[in-house]
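Thank you for making time this morning.

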Amino acid sequence: MTRTRLTAQERHVQLVAAALQAFAQGGYAGTTTDQVARIAGVSQPYVVRLFGSKQELFLATLRYAGDRIEAKWRAAAADDPTLERLGAAYEDLLAERELLVVLLHGYAAAGDPVIGDAVRDCYGRLYWVVRELTGADPDQTRGFFAMGMLITVLGSMRVLGPDPVPLPPWATELLSAFPGD
């Protein structure tokens with residue numbers, strides 16, 4: 001059996017996918033580069049050689065998450081540049097639960113100055129993308145992000161998403177307060 005050699009870009013993508021899985025499970029502090037390497041099927045020194053440190057790997061994973069959301073929103077806005085359409089596109093991302101959980105881990109690790117800068121930049125960039133794509137004013141965008149954060153938290157708890165737990169009464173009441181739900 002011959003092994004197919006991956007390009008540097010393909011290996012980078014493979015490692016970020018493995019990191020997404022590992023960081024979603026263990027968070028920033030609870031994940032090692034060795035765990036990422038095992039998931040990817042490579043050596044731990046190889047992970048460090050490509051990324052330099054666990055922090056840089058986590059930052060690459062956060063960038064991937066932000067880029068994935070932005071791409072999803074841009075594709076949705078090409079069809080219908082409204083907050084409602086972007087919201088539906090974000091809800092589609094609940095199927096990629098690890099993506100949202102990694103963002104939450106990034107927010108939790110924001111006390112680290114480097115990670116804090118990265119998550120603030122990511123969040124700010126997404127804010128401006130929503131304004132750009134929809135023409136929403138600051139109040140509308142604030143409401144959109146508030147609902148998005150609620151969806152992110154509920155999705156991470158599996159209250160929403162592709163394999164939800166039975167909807168608790170508090171969640172039913174909370175979600176009924178929003179138009180369109």
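Before anything else, a word on burial: I call a residue buried when its relative accessible area is under 20%, exposed when it is over 50%, and partly exposed in between, using a 1.4 Å probe and protein chains only. What you see is a predicted model, in which local features need pLDDT of at least 70 and side-chain atom pairs count only at pLDDT 80 or more, while totals for chains, interfaces and linings use all residues. Residues are numbered from 1 along each chain as its sequence is written, and side-chain values use heavy atoms, with hydrogens and water left out.

In α3, which spans residues 44-51, Y46, V47 and F51 are buried. These residues sit on the same side of α3 because they cover an arc of only 115° around the axis, the arc being that of the directions from the helix axis to the C-beta atoms. On the other side of α3, P45 and R49 are exposed. The cover over the buried residues of α3 includes α1 (8-26), α2 (33-40) and α4. Just after α3, G52 takes a positive phi of about 90°.

Two records bear on this region. UniProt, in an unreviewed entry, places a "DNA-binding region" at residues 32-51, and the annotation "domain: HTH tetR-type", also from an unreviewed entry, covers residues 9-69; the positions are in the numbering used here, feature names are shortened, and annotations may be inferred rather than shown by experiment. In the model, the span 32-51 is 80% helix and 0% strand, with its end C-alpha atoms 13 Å apart, whereas the span 9-69 is 82% helix and 0% strand, with its end C-alpha atoms 20 Å apart.

Which residues touch the most other members of the largest nonpolar core? They are L62, I69, W73 and I115, in a core of 55 residues, where a nonpolar core is a set of buried Ala, Val, Leu, Ile, Met, Phe, Trp, Tyr and Cys residues joined through side-chain atoms within 4.5 Å. Helix α4 gives the most to this core, with ten residues.

W73 counts as buried because its relative accessibility is 3%, and, leaving aside residues up to four places away in sequence, W73 touches L86, A89, Y90, L126, V129, V130, L133, F144 and F145, a contact being heavy atoms within 4.5 Å.

A search of the whole structure finds eleven aromatic pairs; rings of Phe, Tyr and Trp (its six-membered ring) pair if their centres lie within 6.5 Å, and planes under 30 degrees apart count as stacked, over 60 as edge-to-face and the rest as tilted. W73 and Y90 form a tilted pair, at 6.1 Å centre to centre with 40° between the planes. This pair links distant parts of the chain, with W73 in helix α4 (residues 54-79) and Y90 in helix α5 (residues 83-92), 17 residues apart. Ring pairs also join W73 and Y90 into a cluster with Y107, Y123, Y127, W128, F144 and F145.

Conventions. Helix = DSSP H or I, 4+ residues; strand = E, 2+ residues; numbered from the N terminus.
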